[in-house]
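Me: Hi! Could you walk me through this one? I'd like to go through it piece by piece.

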There are 2 protein chains.
Amino acid sequence: MGNGRLTAREIARLAGVSVATVSRVSNGTGQVSEETRRRVLRAIEEHGYRPHHLGQALAARRHGAVGLVFPGLSGPYFSELIQGFESEAVTSRTSVHILCTHLRADSDTEVIEMAHRVDGLAVLGGTLSDETLQELSGMLPIVVLAGGGPPGVPAVRVENTDSTAALTRHLLTDHALRRLDFVGNPSGSPDVSERWAGFREAHRQLGLPLPRAPIRVGLQQPDGVFAAEQLLRRSIRPQGIVCANDETALGVLVGASNHGLRVPEDLVITGFDDTPMAALVTPALTTVRQPVRELAAQTARLLMRVAAGDADRNGSTLVLPTELVVRRSCGCAATTTPGSTTTGRPSAAGLRHSR
Amino acid sequence: MGNGRLTAREIARLAGVSVATVSRVSNGTGQVSEETRRRVLRAIEEHGYRPHHLGQALAARRHGAVGLVFPGLSGPYFSELIQGFESEAVTSRTSVHILCTHLRADSDTEVIEMAHRVDGLAVLGGTLSDETLQELSGMLPIVVLAGGGPPGVPAVRVENTDSTAALTRHLLTDHALRRLDFVGNPSGSPDVSERWAGFREAHRQLGLPLPRAPIRVGLQQPDGVFAAEQLLRRSIRPQGIVCANDETALGVLVGASNHGLRVPEDLVITGFDDTPMAALVTPALTTVRQPVRELAAQTARLLMRVAAGDADRNGSTLVLPTELVVRRSCGCAATTTPGSTTTGRPSAAGLRHSR
DNA sequence: AGTGCTGCTGCAACCGGTTTCGGACCGACA
DNA sequence: TGTCGGTCCGAAACCGGTTGCAGCAGCACT
């Protein structure tokens, strides 16, 4: 009963009408007399008919699906990202295909394969080469998520550089720290690359010697532990560590505590993201808050608008504001207010204190 | 060039053959003379033709996709799960739709909607009611992932009860602990429910009074911090805390350290999963290792076998073995060997030491 | 020359919907 | 009574593939 095996022709026969009328009734389009409509609806209800998705999709020449491409997922950032994206898509009855290219050699082939099954593709920044993005962009709507695409490809991202610079200035100026190290791989993702740029920029602005090379590790907690091991074994220990994200910062925190270092007294640590744990560890993590869910939701919205033809496909890059969150791990007392800082564009709320 | 707009009829015209022949060549089916094949292939290559997915799917009466349904994702567990599932699916050129029912009221509708767009559905245990699963099972292949389904619905899960009981016995017997608390919500997921059962079972086996009610929190790190707050505020403090998974254990570890408690001297903490961080924190976490990726991959394989009709759809439940991993957080010295324990089925490797 | 077999190919039906087009019917009006 | 405008509905084309079946050519064999 109602096992979806029914076809529109079947229903048409049962209701004594033509398939065209069944289609009209089930879609609410065209003119159908009240009496006929009722008869068709009864047949539909009674047999639990639902139009077959493939038939509809083929006729409409749309898949009713979008794709989400990322290298591999890890940590709360990706969880938020996927959920934000998915919950936006589901409101438009659009399904979400996922593809983790995760170190697979033939990822380009897989992406192209996927491109033929969806109406649009959201690609995480840094996952595909600009050439591949260009090629894809020629065949379907593409939006880059968290990163910049080649010209003509729209992107949605967060403000990274200014906020990381503000965070770094806070350490350099308000806490008078000098030896700072950066943990994260700038060539691994556009986000990290921009944060690294902001880190360097702050040094430059203040006329300080440029920092040494970053500790190039991944973005997960264990990577932070590993980075801490590396850093604390060095002859010149840093006074502060600016991490590419909260996860690595939490890892560094663990690594520091493994080494018996006190934070922030012996070592200052900062993150980026403002994940839930950032506020819960001791000391609470000074970080930059980014609206991850919102980022993903905006991307999904933009993608579906572009796919529907409602928005121009020309590179309309959207930049979401971020916000410096000062807590204890930078050395601030619970309620200290550091100098002014600037962050993202629109209503840059500026500084925010917590704890 | 090669923008996918070409149809088979177009190619047929260009190669001077019929669509049937184009189809045969592009699929390598049927008999085609070498000369004709070459001519068609040239036209295909030259114009970058690829068969339209919807047309193929409609004719084949299969979507070439499977769905993955879960409540909402969080932490390394879900990351692994999705990646394991996806990487298995991609090898069969099957795409993966995801659906997070995440507290949405009309999730049943959404699942049914998705059911019409895929060839099979993997549902995380505890996400849907048995009635819904039954109903779905009537319309397409279903496999329950990490949990049991209603009779007739195959499932893939890990061994939870015995290994948690072994872990608990280790604490009760080898470390002579008495007041243990459990952190996790047994009604939240089948996994937690089974682990809670194993926790109680160990007490029963040893003739000890049954433990008090669990601290019902979620499975993420912040939940562990919250649980620690609750527990350490109580008049009767536990000597040990058995957590439903590593994430909450890490959270409890943070909470304990926030309260100035030493682990394992003042408080013993254990987890479940053996996430990468478990080995990296101090003290390293005693836990149970479960093969998450493998779990997901097996589920994907089983689902696709069932969807292809290669396996019977009758509830063939697969249980993957787990393995107790004893580290420092239970009070063991680096190399201590506790009493024997049993874990999963096949080659229950039993106990494993680390650090 | 007739028969049978094999290899290759095209016609047309089919998968399950949507949509255009035009015909049938009805009431209003001249 | 003839014409017109409007509503309702069905036949058929279409979306883009796959496939059963029949036909045809070429060849061997009788």
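Reply: Happy to; what follows goes from the chain contact to the sheet, the DNA and a few backbone details. This is a predicted model, where local features need pLDDT of at least 70, side-chain atom pairs count only at pLDDT 80 or more, and totals for chains, interfaces and linings use all residues. Residues are numbered from 1 along each chain as its sequence is written, while chains are lettered from A and ligands numbered from 1 in the order in which they are written.

Me: Great. How many residues of chain B are in contact with chain A?

Reply: 42 residues of chain B are in contact with 42 residues of chain A. Contact here says that the C-beta atoms of two residues, placed from the backbone, lie within 7 Å.

Me: And which element of chain B gives the largest share of that side?

Reply: Helix 5 of chain B, with 7 residues. Elements that each supply at least two residues include helix 5 (75-90), strand 2 (95-100), helix 6 (107-115) and helix 11 (246-258) of chain B. Helices (H or I, at least four residues) and strands (E, at least two) are DSSP runs, numbered from the N terminus.

Me: What's the make-up by class?

Reply: The side of chain B that touches chain A has 19 nonpolar, 19 polar and 4 charged residues. For the classes, Ala, Val, Leu, Ile, Met, Phe, Trp, Tyr, Cys and Pro count as nonpolar, Asp, Glu, Lys and Arg as charged, and the others, Gly among them, as polar.

Me: What rotation superposes chain B on chain A?

Reply: One of 180°, with 0.0 Å of shift along its axis and an RMSD of 0.0 Å. The two copies are thus related as by a two-fold rotation axis. The same surface serves both copies, as 100% of the contact residues of chain B recur in chain A.

Me: Which residue of chain B comes closest to the axis?

Reply: H97(B), at 2.2 Å by its C-alpha. H97(B), in strand 2 of chain B, also stands opposite H97(A).

Me: So how do the two copies of strand 2 run, parallel or antiparallel?

Reply: Antiparallel, with 3 bridges joining strand 2 of chain A to strand 2 of chain B. Two strands pair if DSSP finds at least two bridges between them.

Me: What is the strand order of the whole sheet?

Reply: The sheet is open, has 12 strands with mixed pairing, and goes 10(A)-5(A)-4(A)-3(A)-1(A)-2(A)-2(B)-1(B)-3(B)-4(B)-5(B)-10(B). Strand 10 (318-320) of chain A and strand 10 (318-320) of chain B stand at the edges, each with a single partner strand, so one side of each is left without a neighbour in the sheet. The twist averages 20° from one strand to the next.

Me: And how do strand 1 and strand 2 of chain A run, parallel or antiparallel?

Reply: Parallel, with 6 bridges between strand 1 (residues 65-70) and strand 2 of chain A. L68(A) has I98(A) as its bridge partner in strand 2 of chain A.

Me: On to the DNA. Which residues come nearest to DNA strand D?

Reply: Of the 28 residues around DNA strand D, the nearest are A8(B), A20(B), S23(B), H52(B) and G55(B). Being near needs a C-beta atom, placed from the backbone, within 6 Å of the molecule or strand. Helix 2 of chain B gives the most to this surface, with 6 residues. By class, the surface near DNA strand D has 13 nonpolar, 13 polar and 2 charged residues.

Me: Which ones come nearest to DNA strand C?

Reply: Of 29 residues around DNA strand C, A20(A), S23(A), H52(A), G55(A) and T36(B) come nearest. Helix 2 of chain A supplies the largest share of that surface, 6 residues.

Me: At what angle do helix 4 of chain A and helix 4 of chain B pack?

Reply: About 150°, with their axes 9 Å apart. Axes are lines fitted to C-alpha atoms, for helices over the stretch in contact, and angles run from 0 to 180 degrees between N-to-C directions. The residues of this contact divide into 6 nonpolar, 2 polar and no charged.

Me: Last topic, backbone details. Which peptide bonds are cis?

Reply: Among them are V263(B) to P264(B), with omega near 10°, and T282(B) to P283(B), with omega near -5°. P264(B) is in the loop between helix 11 and strand 8 (268-270) of chain B. Phi of R61(B) is near 55°, a positive value in a residue other than glycine.

Notes: Copies are superposed by least squares on the C-alpha atoms of residues with pLDDT of at least 70 in both.
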